[in-house]
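Here is a short report on one chain.

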Amino acid sequence: QDIYFTPIQAAEYLGVSKYTLQNQRVQRVGPPFIKIRNRLVRYKKADLIAYLEKNRVLTVAKMTDYAA
């Protein structure tokens, strides 16, 4: 079953402010979102997880672990 978050819940999950997510929506950057009836915004939990993974930065020590 898919889990959907409100912008406030998504912001808390990501550790950013709701205003950061709002600005990212306007600029069309950040995690994917769903807009319902041109008003309601929802974020799919799986999309938030994918967004976090996509933006993960590996340190030099960890990069050698993945080189093998």
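## Confidence

This model is predicted. The chain has an average pLDDT of 91, and 88% of its residues score at least 70.

Helix α1 spans residues 7-14. Its buried residues are Pro-7, Ala-10, Ala-11 and Leu-14. Viewed down the helix axis, they fall within an arc of 100 degrees, so they line one face of α1. An α-helix has 3.6 residues a turn, so residues three or four places apart point the same way.

The face turned away from the buried side carries Ile-8 and Glu-12, both exposed. Gly-15 follows α1 and has a positive phi, near 80 degrees.

## Packing of α1 on α3

Two packed helices are described by the angle between their axes and the distance between the axes. For α1 and α3 (residues 45-54), the axes come within 11 Å. They cross at roughly 30 degrees. The crossing is right-handed.

From α1, the contact uses Ala-10, Tyr-13 and Leu-14. From α3, it uses Lys-45, Leu-48, Ile-49, Tyr-51 and Leu-52. By class, this contact has 7 nonpolar residues, 1 charged and no polar. Ala-10 and Leu-14 are also among the buried residues of α1.

Definitions and conventions: Residues are numbered from 1 along each chain as its sequence is written. This is a predicted model: local features need pLDDT of at least 70, side-chain atom pairs count only at pLDDT 80 or more; totals for chains, interfaces and linings use all residues. Side-chain values use heavy atoms; hydrogens and water are left out. Axes are lines fitted to C-alpha atoms, for helices over the stretch in contact, and angles run from 0 to 180 degrees between N-to-C directions. Helices (H or I, at least four residues) and strands (E, at least two) are DSSP runs, numbered from the N terminus. A crossing is left-handed if the near helix is turned anticlockwise from the far one by less than a right angle, and right-handed if clockwise. Contact means heavy atoms within 4.5 Å. Ala, Val, Leu, Ile, Met, Phe, Trp, Tyr, Cys and Pro count as nonpolar, Asp, Glu, Lys and Arg as charged, and the others, Gly among them, as polar. pLDDT is the predictor's confidence in each residue, from 0 to 100. Buried means under 20% relative accessible area, exposed over 50%, partly exposed in between (1.4 Å probe, protein chains only). The arc is that of the directions from the helix axis to the C-beta atoms.
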